[in-house]
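Welcome! Please take a moment to look over the sequence and the 3D structure below.

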Amino acid sequence: MSAPAQLALQDLDVAYGDMQVLWGAQLTVAAGEIVALLGPNGAGKSTLVNTISGLLRPRAGSISFEGRRIDGTPAYRRAADGIAHVLERRRLFPFLTVHDNVVLGAHNPRARPHREETLARLQTLLPLLKSRGGQLAHTLSGGEQQMVAIARGLMAQPKLLMIDEPFLGLAPRMVAQIGELVRRIRDEQGISVLFIEQNVELSLKLADRGVVLESGRTVLSGSSAELLRSAEVKRIFLGDFAL
Amino acid sequence: MAAPDVSLLRIRGVTKRFGGITANRGITFDVEAGELVGIIGPNGAGKSTLFECISGFYAPDEGEVELDGARLIGLSPDRVCRRGIARTFQKLRPFQGMTVAENVMVGALTRTRVVKQAREQAHEWLRRVGLAEKAHAHARTLSTGQRKRLELARALATAPRVLLLDEVTGGVDQRSIPGLVELVRELHRGGLTLLVIEHNMRVVTAVAQRIIALHMGEVIADGAPDVVARDRKVVEAYLGQAYVG
């Protein structure tokens with residue numbers, strides 16, 4: 001990759017107590033890139049993303065964002081720096097309205113002054129933010145909730161949007177819509193996207209590049225086209241017999 | 001008692017619905033005595049639901065489960081256990097307030113009413129699973145890998161004929177996996193019949209002689225590990241159409 005990385009992780013070790021989950025993980029995301037983070041269950045994908053956003057502290061290794069080390073800073077500072085994290089299972093406030101959920105995303109001091117204009121812009125991208133604005137979040141369908149969760153992330157005016165399992169539990173039609181939304185976020189706003197998804201083919205058709213975690217190690221990385229042909233991907237997900 | 005020519009465990013048309021979702025649909029297979037069968041499938045395939053149906057935690061909407069020709073459907077989990085089917089849980093459930101040895105004694109007490117005997121058996125199982133030195137520790141003080149071993153010892157103490165293992169390496173430190181795999185192999189060599197749900201394909205292909213793949217609640221493949229890992233439907237379920245062929 002020729003462009004300097006916007007996000008760069010080096011030799012990241014992460015553990016929960018005595019259980020080490022990530023072992024020397026490496027990952028880069030270039031500005032404006034869509035990257036899929038792939039791997040079997042329990043490989044450490046969510047742990048990696050949670051470490052980037054500052055919800056977890058690495059035991060060793062470094063995280064740099066736009067050339068500066070951020071692994072010592074608290075999560076809210078990283079959000080202000082431009083890293084937004086859309087959590088697994090969306091985690092909306094179920095008894096707040098769609099509008100209030102979304103507006104809460106603009107809490108950081110960099111985004112707050114632009115709250116109204118950002119919201120207006122997002123309402124054109126996602127009309128449901130307006131038409132369903134007064135509705136309680138828990139009354140929305142799964143796909144609609146995912147859109148609201150992504151909108152909440154975008155309200156923080158991120159440079160990098162990380163989404164943990166954007167398609168989880170969604171009907172095929174919704175999967176297509178969310179995929180289209182992710183692509184537009186990048187194409188129209190230049191925001192880089194790092195996302196986690198179980199479905200390998202679906203992920204690689206959306207992403208420019210994929211990084212594969214296996215048992216806590218980033219064992220494979222390449223362009224989506226390369227990975228879609230890769231026998232190694234088959235081996236990682238289906239074992240040595242698959243080859 | 002055992003009828004000749006009848007498989008040890010027979011699963012016939014097991015269907016389990018939760019509202020509009022069919023978690024298991026017409027699942028049918030036999031397990032012979034002494035087999036070690038791996039159960040695989042992507043997230044939400046219905047693997048754990050199948051274990052719940054076999055062990056009596058759920059009553060399936062349709063279908064039969066038979067152990068040695070005797071019906072198990074309708075029996076409560078403790079009765080299924082006494083008949084000879086024990087299980088471990090994916091989300092570990094030790095009795096937190098008890099010591100490690102007491103946890104295993106709970107299992108042993110399904111077979112004996114003599115506490116002294118149960119205690120001796122518990123210590124023997126703890127030795128077998130490599131937890132002897134933790135016998136008097138409180139269950140809550142154990143690491144995840146140790147708790148997995150405790151679950152195993154407690155299940156084994158019920159003297160099962162068939163043991164169901166739900167993700168025995170899941171959530172365990174990488175360094176603990178080879179030891180757990182070896183333990184499963186050893187139990188199998190000792191003659192135990194095992195059904196093993198496992199996400200880690202390397203683990204499952206290393207221990208099982210036969211693999212059953214589930215997807216969207218149905219059996220999509222059943223056979224030797226090398227055949228199942230290359231099966232068209234299995235590859236598609238795990239990776240997508242692009243990887244088939």
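Here is a short tour of a helix pair, a sheet and a chain contact.

This is a predicted model, in which local features need pLDDT of at least 70, side-chain atom pairs count only at pLDDT 80 or more, and totals for chains, interfaces and linings use all residues. Residues are numbered from 1 along each chain as its sequence is written, and chains are lettered from A in the order in which they are written.

Helices (DSSP runs of H or I, at least four residues) and strands (E, at least two) are numbered from the N terminus. In chain B, helices α3 (residues 100-108) and α4 (residues 115-129) pack with their axes 8 Å apart and at an angle of about 115°. That makes α3(B) roughly perpendicular to α4(B) (a term for angles of 65 to 115 degrees). Residues are in contact if their C-beta atoms, placed from the backbone, lie within 7 Å; among those of α3(B) that meet α4(B) are Val100(B) and Met105(B). The residues of this contact divide into 9 nonpolar, 2 polar and 1 charged.

Chain B also has an open sheet of 4 strands in the order β2-β1-β4-β5, with antiparallel pairing. Strands pair if DSSP finds at least two bridges between them; β1(B) and β2(B) share 7 bridges. One bridge joins Arg10(B) to Asp30(B) in β2(B).

| Edge strand | Residues |
|---|---|
| β2 of chain B | 21-31 |
| β5 of chain B | 70-71 |

Finally, the contact between the chains takes 22 residues from chain A and 23 residues from chain B. On the chain A side, α10(A) gives the most, with 4 residues.

Notes
Axes fitted to C-alpha atoms, helices over the stretch in contact; angles between N-to-C directions. Parallel < 35°, antiparallel > 145°, perpendicular 65-115°, else oblique. Contact = placed C-beta atoms within 7 Å. Nonpolar A, V, L, I, M, F, W, Y, C, P; charged D, E, K, R; others polar.
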